[in-house]
Amino acid sequence: MIKLVLISGSLRRGSLNSAALRAVRRIIEDMPVDVEVVSLPIGRIPFYDGDVEEAGMTAAVEAARALVADADALVISTPSYNGAVSGVLKNALDWLSRPYGASPLTDKAVAVLSASPGGRGAVDAQPALLTVLRTCGAFVVEHPPVAIGQADQRLDRHGEMTDPEILDALRGLVGATLTAATRPARGGGRRSPLSERLRTVSV
Ligand SMILES: Cc1cc2nc3c(=O)[nH]c(=O)nc-3n(C[C@H](O)[C@H](O)[C@H](O)COP(=O)(O)O)c2cc1C
């Protein structure tokens, strides 16, 4: 069985990103594949604090770590807050990146999408998210960018994303995610040094 964890970067009850992930869940549930889909709520994860980490991770962080460690892949949907990911999402990823060298994100297949009421569908937040994920050593799922624009106008009367064009894009993303989740060779090893992962040249 493939285990998939969904993370919405928005805490809002009427979140468009959470609606997009509910559509992802329905697409998977309609597929003839054995996939368990779990949502990871990030609202209860405390602000990252190195002292808290040193004293032993809190229950909310431990639960998030365990869920991600057990997953074959993640799907993250992010809003754009001033051109980057939301603070809560960055905070959750910062916790999940710890401890250095034993992050559950290492080699984890992660697919990314975004949604907003604006025309660009929060696509401007995706580079920031990809940078964080790559820095954490995650395996970013390759697929054409999925950025759902004017998402607030594309919900049905139940607040669900049922627009065929959106569902088509999400089906592509789900297919790429499941392929990545079952890819044969996971790096498995230690994360490469930060300098290698970022390919920076220090002068
Ligand atoms: C602090 C803040 C910053 C925002 N910055 C942007 C932005 O840069 N670009 C954009 O398209 N929308 C921006 N928005 C609007 C969000 O796209 C909108 O609130 C969206 O619905 C958030 O995603 P959600 O529906 O999943 O909660 C911002 C909203 C907030 C609260």
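In this predicted model, strand 1, which spans residues 2-8, is mostly covered, since 5 of its 7 residues are buried. Strand 1 pairs in the parallel sense with strand 2, residues 35-39, over 5 bridges, and also in the parallel sense with strand 3, residues 73-78, again over 5 bridges.

**Strand 1 and its partners**

- Within the pairing of strand 1 and strand 2, valine 5 has valine 38 of strand 2 as its bridge partner.
- Between strand 1 and strand 2 the chain passes through helix 1, residues 16-29, and the β-α-β crossover formed in this way is right-handed.
- Toward strand 3, the bridge partner of isoleucine 7 is isoleucine 76.

**The chain as a whole**

- The secondary structure of the protein consists of 7 helices and 6 strands, and read from the N terminus these elements follow the order β-α-β-α-α-β-α-β-α-β-β-α-α.
- The protein is as compact as a globular protein of its length, because its radius of gyration of 17 Å is close to the 17 Å that the globule rule gives for 203 residues.
- Taken along the principal axes, the box filled by the C-alpha atoms of the protein is roughly 50 × 40 × 35 Å.
- Of the 203 residues in the protein, 38% are buried.

**Around the ligand**

- The ligand is surrounded by 14 residues, of which the closest are Ser10, Ser15, Leu16, Asn17 and Pro79.
- Sorted by class, the shell around the ligand holds 8 polar, 5 nonpolar and 1 charged residues.

**Valine 33, a residue in a loop**

- Valine 33 is found in the loop between helix 1 and strand 2, and this residue counts as exposed because 12 other C-beta atoms lie within 10 Å, where the cut-off for an exposed residue is 12 or fewer.
- Leaving aside residues up to four places away in sequence, valine 33 touches Ile2 and Leu178.
- Although valine 33 and methionine 1 are 32 residues apart along the chain, their C-alpha atoms are separated by 8.3 Å.

Notes
Residues are numbered from 1 along each chain as its sequence is written. This is a predicted model: local features need pLDDT of at least 70, side-chain atom pairs count only at pLDDT 80 or more; totals for chains, interfaces and linings use all residues. A residue is buried if 20 or more other C-beta atoms lie within 10 Å of its own, exposed if 12 or fewer, and partly exposed in between; C-beta atoms are placed from the backbone. Helices (H or I, at least four residues) and strands (E, at least two) are DSSP runs, numbered from the N terminus. Two strands pair if DSSP finds at least two bridges between them. A crossover is right-handed if, with the strands pointing away from the viewer, the path from the first strand over the helix to the second runs clockwise. The radius of gyration is taken over C-alpha atoms; the globule rule is 2.2 Å times the number of residues to the power 0.38. A residue is near a molecule or strand if its C-beta atom, placed from the backbone, lies within 6 Å of it. Ala, Val, Leu, Ile, Met, Phe, Trp, Tyr, Cys and Pro count as nonpolar, Asp, Glu, Lys and Arg as charged, and the others, Gly among them, as polar. Two residues are in contact if their C-beta atoms, placed from the backbone, lie within 7 Å.
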